[in-house]
Amino acid sequence: MSRLLENKNIVLTGSNRGIGRAMLETFAENGANVWAHTRVITEEFEMFCKELSEKEDVEILPLEFDITDYEEVCRFIKQVMSAKIKIDGLVNNAGILYNALFPMSQLEKVREQFEVNFFAPYILTQYIIKLMLKKKSGSIVNLSSIVGLDGNEGQSAYAGTKAAIIGLTKALSKELG
């Protein structure tokens, strides 16, 4: 049986739980090697990655770094470059959500959501795109939310971050597509 992503190399942020973990499993089942980012690597996550890697006969490299720490992001990019492995895909999945009605929204929490949900994927994409442009191939997937289009009570900052990702994605598709 042919696997859709056989021998493709994917960078996946936020791969430890929820949608990210499901994507990690799906990528592996389809033959992709995955750089599996998480903010904190737990023993359980390492074991999960090891077992999934063996089961699907792919390489899964769990990576621990704070995507809002741009020095750590640079170290990760240097690690990718030194491995001399072509990056076929980047999935910007990591994100956070704090609910608060607009008048009670704390600026610190608003900034944190923008750092994680918009600026971190923006910077990571800038680095990864340089590697992709050298190879003249690659795909980028940015996860957003319907809240970025329709809004939601108590999620004004989150809606703003997701709307920003939608706008970025549209602009990049025109610039790089």
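Lys84 sits in the loop between helix H3 (70-83) and strand S4 (89-92). Helices (H or I, at least four residues) and strands (E, at least two) are DSSP runs, numbered from the N terminus. The phi angle of Lys84 is near 50°, a positive value in a residue other than glycine. For background, most residues other than glycine have a negative phi.

Before going on, a word on what you're looking at: this is a predicted model, where local features need pLDDT of at least 70 and side-chain atom pairs count only at pLDDT 80 or more, while totals for chains, interfaces and linings use all residues. Residues are numbered from 1 along each chain as its sequence is written, and side-chain values use heavy atoms, with hydrogens and water left out.

Asn7 also has a positive phi, near 65°, and is not a glycine either. You'll find Asn7 in the segment before strand S1 (9-12), and Asn7 counts as exposed at 56% relative accessibility.

**The overall picture**

Now step back to the whole chain. The protein has 6 helices and 5 strands, and read along the sequence they follow the pattern β-α-β-α-β-α-β-α-β-α-α. The C-alpha trace spans about 50 × 40 × 35 Å along its principal axes. A compact globule of 177 residues would have a radius of gyration near 16 Å, and the 17 Å of this protein agrees with that. Here the radius of gyration is taken over C-alpha atoms, and the globule rule is 2.2 Å times the number of residues to the power 0.38.

Of the 177 residues, 41% are buried. Take the contacts (heavy atoms within 4.5 Å) between residues at least 6 apart in sequence: 68% of them join residues at least 24 apart. The accessible surface comes to about 10300 Å², and carbon and sulfur atoms account for 54% of that; these areas come from the Shrake-Rupley method with a 1.4 Å probe, and for residues only the protein chains shown count as cover.

As for charge, there are 20 positive and 23 negative ones, and their mean positions are 9 Å apart. In that count Lys and Arg are positive and Asp and Glu negative, with His and the chain ends not counted. Each charge is placed at NZ of Lys, CZ of Arg, CG of Asp or CD of Glu.

**Inside the fold**

In soluble globular proteins, nonpolar side chains tend to be buried together. The largest nonpolar core here has 20 residues, and Val11, Trp35, Phe76, Ile87, Leu124 and Ile128 touch the most other members. H3 and helix H4 (107-135) each supply at least two residues of this core, and the largest share, 7 residues, comes from H4. Apart from it lies another core, of 16 residues, with Ile10, Leu24, Ala32 and Ile60 among them. A nonpolar core is a set of buried Ala, Val, Leu, Ile, Met, Phe, Trp, Tyr and Cys residues joined through side-chain atoms within 4.5 Å.

Not counting residues up to four places away in sequence, Met132 is in contact with Ile87, Asp88, Gly89, Leu90, Ser137, Gly138, Ser139 and Ile140.

Gly14 lies in the loop between S1 and helix H1 (18-29). With neighbours up to four places away in sequence left out, Gly14 touches Gly20, Arg21, His37, Asn93 and Ala94.

**Some pairs, along the chain and in space**

| Pair | Apart in sequence | C-alpha to C-alpha |
|---|---|---|
| Trp35 and Ile60 | 25 residues | 6.0 Å |
| Leu133 and Leu176 | 43 residues | 9.0 Å |
| Met132 and Tyr70 | 62 residues | 20 Å |
| Gly14 and Leu133 | 119 residues | 24 Å |

Definitions and conventions:
Buried < 20%, exposed > 50% of the residue type's maximum accessible area, 1.4 Å probe, protein only.
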